[in-house]
Amino acid sequence: MSALRERGAAPSTPGGGLIRARTDGGDRLIAADEPLAGLQLRCGSAIPGLIAVPALLALVRRVRRTGQAASRMILSVDEGHFVTALASVTPHGEGTAIELTHWQRGEETATDLPVPEALLHHVAEAEILLDEEQRVIVADVRAADLSGLAAALEAGRGRFWTDFVTIDRVSDLMTARQGPLHWRLLDDAPFTVEGSKRGWRARIIPRGQGGFSLLAIPDVIETLPSSSAASDEKADAANAQPGWNRLLGRDLAPTLRQPITRIIANAETIRTRLAGPLAEEYASYARDIADAGRHLMSLIEDLADLEAVEAPGFSPAPDHIDLADCARRAAGILSVRAQERGITLVTPDAAACVPAIGEFRRVLQVLLNLVTNAIRYSPEGTRVTLETGEDARCAWIAVQDEGQGLDAEQAVRVFEKFERLGRSGDGGTGLGLYISRHLARAMGGDLVVTSAAGEGARFELTLPPDRAA
């Protein structure tokens, strides 16, 4: 493997060759074949030196952080010419091993996007498709620390995207009006997300058929240090899982997310007539396509979560949280869905506070699942109540509905994998409660149900109390 150290002219490389490179634990390129080595030097870095191609650096950092191999197309600019390649990165000791194929250089390989916009798509860790009013249509979220936002966006489709984040520079202006500001005022606005320690910027790109693409760009690619021991442990844990599980959750899920997201977005564009007038029956067909796409996306996300919770050594990141606040947030996210069915969500008082120890985004994930189920299976015009409390043993939060309830046999089976209690066509995957119980137990608590047929169901999540608070 060569390690070119003199700045040279850009070579013309066939697209089919294999280019290898290696990085260390500090994301520095320590060895590289041509033409990557030359590009590294022409971009102002060195060998060894920090990876100079932003898209490749983001991919390497993701692999080193997760301990799992990943592949993606990368795009860069070399002396005014576009460079594209398919990058495959795998963990290797403290760093990573890189293989590049289909390397192409020249204007004929350019995408339809302007260069800066194409680069933004590569470094973005979330893309949210918005309608003309900046309401959420569908989201593709790839960052682990944005999983809480992903769940909130999925549950809150149809709401303004600004409802789910904190906009830093225009928050005062936004409080004086309904809905978001003009998109040009929000473009490049810094924002923060509950559960993420990183700062973010919103890049808003108008789409030709109407609406916008919102790209979430991190201010810092990675904030938490990643030791080689932790990476090796995660890699060993992933390799210890059954092959089919790794295929579905690790390899197949990332590959399927983007095309399915596009299917949903295009179907919603047709359904909402953003592309022009359309007969009602065709709008109905588009609605069916979008719903089917969401069902498939839900299954994919559940399979990815299933892989995570069943992995050896899976451990959520504990934090100090307030269960009453979590209840109010979950109800706020799902308020529109509840209103559509005439269901009232009853939450703890604003002054209520129940300190507990758990991972915020995972607790919110469990609550969104419980409240969504309660709304889905409750009769119209009823109530879903979220209660919180604590005792000497634990802190708890309960979701009580006024639906048909479960008999004793169903109460036992409801937490089993792929169990749907005979229901079909309701959009569920039968994995939500199974995953939720695994998450609860991984956080040192539990998830149980008490119910009787005809009397509604009460799901109670318990967590260790926060004695320090």
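The largest cavity holds about 80 Å³ of space. A cavity here is a set of points on a 1 Å grid over the protein atoms alone where a 1.4 Å probe fits but cannot get out; points are joined across faces, edges and corners, and the volume is the space filled by probe spheres set on them. The structure has three cavities of 30 Å³ or more.

This is a predicted model, in which local features need pLDDT of at least 70 and side-chain atom pairs count only at pLDDT 80 or more, while totals for chains, interfaces and linings use all residues. Residues are numbered from 1 along each chain as its sequence is written, and side-chain values use heavy atoms, leaving out hydrogens and water.

Lining residues have an atom within 4 Å of a point, and for the largest cavity they include Trp161, Phe191 and Arg201. By class, ten are nonpolar (Ala, Val, Leu, Ile, Met, Phe, Trp, Tyr, Cys or Pro), one is charged (Asp, Glu, Lys or Arg) and none is polar (the others, Gly among them).

These strands each supply at least two lining residues:

| Strand | Residues |
|---|---|
| E7 | 126-130 |
| E11 | 200-206 |
| E12 | 212-218 |

E12 gives the largest share, three residues.

Conventions:
1 Å grid on protein atoms, 1.4 Å probe; cavity = no way out; pocket = protein on both sides within 12 Å on 5 of 7 lines; lining within 4 Å. Helix = DSSP H or I, 4+ residues; strand = E, 2+ residues; numbered from the N terminus.
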